[in-house]
Amino acid sequence: MVENITKLKVKLLQAGCCYGQENIVLKGGRFKRIKFPALVGVFQHPKHGVILFDTGYTKRFAEETNSLPNKLFAWMLPHEVAPHQTALAQVQNMGFSASDVKYIIVSHFHADHVCGLSDFPEATIVCSKDAYANIRDIDERKALQQGVLTGLIPEDLEQRVWLYDGDERVKSMAYRPFKKVHDLFGDGSIVLFPLPGHQTGQIGALVQSEKEPMFLIADACWLSKAYKEMIMPSSLTKFLISDFKAYEDTLDKLNQFYRLYPDIPMIPSHCLETINRFG
Ligand SMILES: [Zn+2]
């Protein structure tokens, strides 16, 4: 562990949202349509500039899903994003330009996490080796089955990517119960965690904010109640989840982490209540 941890200014944004049934994401949940915001984390690092965690929705989602077969995706997950809600518009509103964003941590390549990647052409894209291998050279049909819209992936991804677990600088750290956890800048400010299951190679980030550390857990579950009470989603989500067994294993690790470190907020990317509480 690092002795003098660098603290970051952290802001949690909501870049659009989609709607779905609670009982789909929580087995035994209410038969109620709820709002799932698309989280974007903005971290200001004193040495490494502005860093984003995912990029949420932009109008590219509608453009990429305006005809079949991609349209099926938009029907299944109705979404909303106003121009002022995109990650770029909100980052500019904070006083930064697109080129101030030096890194984007991509938790996974589902469309609602990567719509804004092309708005930050100078940023290095941080993702896991497995996530990159999964979407590199993927064909359109296979991509759609996995919730990936290939038109949202920047064409120069290969030149811009930095691979976690595929780079000799990656050193494993202990952070029970997770293994192969990586300190991104070696200063303790952002630690990357493997959270496989929801999609191949998904990662989360433990961020040292000035106020308190917080753990962004991406789509390892949709609502906080899931890791707190160890509630799996409905089996109807199986078509969305790349590895159901790995999903359960990751959720179990998050449940253990929650019990070991109860003071660290754990924030799923689509849990409105948790994002509002800590954003
Ligand atoms: Zn998502």
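**Exercise 1. The aromatic cluster and the cores**

Tyr 175, Phe 178, Phe 193, Phe 215, Phe 257 and Tyr 261 form one aromatic cluster. The model is predicted. Find which residues touch the most other members of the largest nonpolar core, then list the contacts of Leu 254.

*Solution.* 
Step 1. Take the core. The largest nonpolar core has 71 residues. Leu 52, Phe 109, Phe 193, Phe 215 and Leu 254 touch the most other members. Strand β2 (residues 33-45) gives the most to this core: 5 residues.

Step 2. Look for a further core.

Step 3. Return to Leu 254. Leaving out residues up to four places away in sequence, Leu 254 touches Phe 178, Leu 195, Phe 215, Ile 217, Ala 220, Tyr 227 and Met 266. Phe 178 and Phe 215 also belong to the aromatic cluster.

Step 4. Nonpolar side chains tend to be buried together in soluble globular proteins.

**Exercise 2. Helix α10**

Describe the span of helix α10, its cap and its buried residues.

*Solution.* 
Step 1. Check the span. Helix α10 covers residues 244-260, which is 17 residues. From first C-alpha to last it reaches 24 Å, close to the 24 Å expected at 1.5 Å a residue.

Step 2. Inspect the N-terminal end. Asp 243 caps it. A side-chain oxygen of Asp 243 lies 3.1 Å from the backbone nitrogen of Lys 245.

Step 3. List the buried residues. In α10 they are Ala 246, Tyr 247, Thr 250, Leu 251, Leu 254, Asn 255 and Phe 257.

Step 4. Ask what covers them. The cover includes β8 (173-175), β9 (178-183), β10 (190-194), β12 (213-216), α9 (224-229) and β13 (266-267).

**Exercise 3. Two aromatic pairs**

Classify the pair of Tyr 103 and Phe 185, then the pair of Phe 244 and Tyr 247.

*Solution.* 
Step 1. Count. The structure holds 16 aromatic pairs.

Step 2. Take Tyr 103 and Phe 185. Their ring centres are 5.1 Å apart and their planes stand at 70°. Planes over 60 degrees apart count as edge-to-face, so this pair is edge-to-face.

Step 3. Tyr 103 is in strand β5 (residues 101-105), and Phe 185 is in the loop between β9 and β10. Tyr 103 is partly exposed at 22% relative accessibility, whereas Phe 185 is buried at 18%.

Step 4. Take Phe 244 and Tyr 247. This pair is stacked, with 6.3 Å centre to centre and 20° between the planes. Both lie in helix α10, 3 residues apart, about one turn of the helix. Phe 244 is partly exposed at 23%; Tyr 247 is buried at 2%.

**Exercise 4. A loop aspartate**

Is Asp 119 buried or exposed?

*Solution.* 
Step 1. Locate the residue. Asp 119 sits in the loop between α5 (111-114) and β6 (124-128).

Step 2. Apply the cut-off. Asp 119 has 17% relative accessibility, under 20%, so it counts as buried.

Step 3. Name the contacts. Beyond four places in sequence, Asp 119 touches Thr 58, Arg 60, Leu 88 and Ala 98.

Conventions: Residues are numbered from 1 along each chain as its sequence is written. This is a predicted model: local features need pLDDT of at least 70, side-chain atom pairs count only at pLDDT 80 or more; totals for chains, interfaces and linings use all residues. Side-chain values use heavy atoms; hydrogens and water are left out. Helices (H or I, at least four residues) and strands (E, at least two) are DSSP runs, numbered from the N terminus. Buried means under 20% relative accessible area, exposed over 50%, partly exposed in between (1.4 Å probe, protein chains only). Contact means heavy atoms within 4.5 Å. The expected span of a helix is 1.5 Å times one less than its number of residues. A polar contact is a pair of N or O atoms within 3.5 Å; within protein, one must be able to donate a hydrogen and the other to accept it, and residues adjacent in sequence count only if both atoms are side-chain atoms. Rings of Phe, Tyr and Trp (its six-membered ring) pair if their centres lie within 6.5 Å; planes under 30 degrees apart count as stacked, over 60 as edge-to-face and the rest as tilted. A nonpolar core is a set of buried Ala, Val, Leu, Ile, Met, Phe, Trp, Tyr and Cys residues joined through side-chain atoms within 4.5 Å.
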